[in-house]
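Please examine the sequence and the structure displayed here before reading the report.

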Amino acid sequence: MKYERDPERIRRVLGDKVQFIQGDIAVAYGGLLAGVGFFGGYPITPASEVAEGMARMLPRVKGTFIQMEDEIGSMAAIIGASWGGQKTMTATSGPGFSLMMENYGYAIMTETPCVIANVQRTGPSTGQPTLGAQGDMMQVRWGSHGDMVAIALCPSTVQECLDMTIECFNLSEKYRHPVVLMTDGEVGHLREKVIIPDEDEMELFERIPATIDKDKFIPFTNSQTRDSKVPDFPAFGTGYRTYVTGLTHNKMGYPATDKQKDHEELITRIITKITDDREILTDVEEIELEDAEIAFVTYGASARPAESVVRMGRKNGIKIGMLRIKLAWPFPRRVINELSKKVNTIIVPEMNLGQMVHPITEYADAGCKIVSAQKIGGEMHLPDELYKILEAEL
Amino acid sequence: MKEMMNANELRKKYLVEDMMPTIFCNGCGHGNALDYVFWAMEELELDLDKVAFTSGIGCSSRIPGYINADGLHTTHGRALAFSTGLKAARPDMDVIVFTGDGDCTGIGGNHFIHAARRNIDITVILLNNFIYGMTGGQQAPTAPIGSIATTSPYGNIEQAFNICELAKALGAAYVARWPVSHPYQPIKSIKEGIQKEGFALIELMSPCPTAYGRRNKLGNIEKLWQWYDDNTILMEEYDKIMDYGTEEEKEAIKSMIQIGVFQDEEKPGFFEAYDELVDRLIEIDDKKAQGGK
Ligand SMILES: Cc1ncc(C[n+]2csc(CCOP(=O)(O)OP(=O)(O)O)c2C)c(N)n1
Ligand code: SF4
Ligand SMILES: [Mg+2]
């Protein structure tokens, strides 16, 4: 049967408004609330609970869950289902995310809305399956071949796992782009209180369907009905008879593999439809930054110990603040640049050997010192460790 | 009775003029498969707004681009996984997959195995030309022993896939193999495949003069096409000779490729089974909700 979002049924399946659950389950809740009609996934620690949650709940709201044969297939299936007009999702971790890169690029090239939750762990290769890390912050941005941009969000709490999953769907539908929730094993397996939003407490964005005359419709160009670089969506089965290809295509969708201009026009549009909105997309949280002289710039799980250190530091009279990046890509260039002009030093704690520290360095003022605080091996920085790093910079 | 169209009228109705000419070489069998699908759709009176064509990458996978319907030209080998999602989202649509021997059984082998095993309700038209045509003639998993490809220049030493046997073993609802050199049986099988509940595989043996025939000294286009008549045998015929024939007769057909409908079963497709599961859960949930009121 064809899925249709049924808010009452979804709420009934989710249960109580206030619950104490894991980050991964909150991701599944967020997907359900957003109206996911198809989930294709493959088991992998520490992301399996998302698929398990979907397997339990999705059939009960008349959506389809399929455990695919691998992550290549999962990514393929959610793109196929998206062209069938559904909101679609998968969840994985490092090794699976690597396998998804091929069709992640296909989704970008074909402007297919879909959501990937990447519950990050470390690598290379199988690494530490059961432990969290922030291993893929660059892969999500650069992992597929060719020129691309990413939209990626980083939750730091279980509530954010739920809220940001909904936000991922909204952005994905709005920009017709695969959007990635870059959570991690720490947040994914953390249990916290969440409040499930009621129907009137959520804003849901749906892709704009193609409506204009079939013989006038141009599928791969600026919208013909709005001032937007995102074309209206001609879902399969609605009579538009659209040809979708990962080859470089012209505005009509036909292959134009040997045409420089067509390629340049296409790629420029699918990148700038997102980067034009960098300021609108920018989403950061500022903590104690008004008079700060030194600041943490953090995201995801790393923000948790860093925030404790800000509190400790302030108690001891240190002018420390924190900027938490909630949407990592497209990168909040202006915010970082402004911060770097205000503080003397930026410390970037990460559960990797330095990934987001690179764009931070690139967009920071040359006069600001950038310190990469690295920790790998599946453990978060302890507040004490971070405090020592802070003290060394005073 | 419906009046039959001729080939030109059919093309007018189903072909995307803007995409002409096709990429196919002179003497390629893939174009015939395209025509056969037009015939099948015409005879079934399919609503083109409710049919989607998907494909992977290869010469064979270019076919959906020429058909005036929704088309999803995906990544190499992955068409069946894309189609699984598409069919889940739009179970009311017919999903027809065009794929090559390399696409479907080389890089896409795993997706093929699982789509067949799940009995996903799609129709797969696999154009087997024993070679990677699009990339210039590298060895395919279907290459006959001894055949020459750019990556097996001294002759292939690997066993070839018997795709239909594989699909049969996986429990696919419908499995058939025909050469494209005669239209009637392929059209009939494509029709049966589309109408079939569950996974239908139609393997069409398609000559590739450019990357296979030439290198394997199978002669000009005409001779290459003749090869398919000379080297295939109806499954029923094969069985009869093997059971009752003389030793010489058996020897003569031993290495021939069997053609025919190998499997044709009525059983629920994946989405029928899934719908039943959903109905069962919804009934329980609804009962609970009413009881709680
Ligand atoms: C991931 C990936 N690997 C390799 C290729 C290169 N490639 C394109 S088509 C093809 C072979 C296609 O062979 P087949 O499916 O038999 O189709 P045919 O051209 O023979 O009809 C290959 C290897 C690719 N496009 N993508
Ligand atoms: S290379 Fe072979 S398969 Fe490809 S179009 Fe030419 S003849 Fe057909
Ligand atoms: Mg081939």
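## Basis of the model

This is a predicted model, in which local features need pLDDT of at least 70 and side-chain atom pairs count only at pLDDT 80 or more, while totals for chains, interfaces and linings use all residues. Residues are numbered from 1 along each chain as its sequence is written, chains are lettered from A and ligands numbered from 1 in the order in which they are written, and side-chain values use heavy atoms, with hydrogens and water left out.

## The magnesium site

Three residues coordinate the magnesium ion (ligand 3): B:Asp101 through OD, B:Asn129 through OD1 and B:Ile131 through O, at 2.0 to 2.2 Å. Donors are N, O and S atoms within 2.8 Å of the metal (3.2 Å for Na, K and Ca); water is not among the atoms, so the site may look incomplete.

B:Asp101 is buried, with a relative accessible area of 2%, and B:Ile131 is also buried, at 2%. Buried means under 20% relative accessible area (1.4 Å probe, protein chains only).

## The interface of chains A and B

The contact (heavy atoms within 4.5 Å) takes 43 residues from chain A and 46 residues from chain B. The area buried between the chains, meaning the accessible area (1.4 Å probe) lost on being put together and summed over both, is about 3900 Å², and carbon and sulfur atoms give 58% of it.

Between chain A and chain B there are 6 salt bridges, each a side-chain nitrogen of Lys or Arg within 4 Å of a carboxyl oxygen of Asp or Glu. B:Arg118 forms a salt bridge with A:Glu69, with the closest N and O atoms 2.8 Å apart.

Definitions and conventions
Buried means under 20% relative accessible area, exposed over 50%, partly exposed in between (1.4 Å probe, protein chains only). Buried area is the accessible area (1.4 Å probe) that two parts lose on being put together, summed over both.
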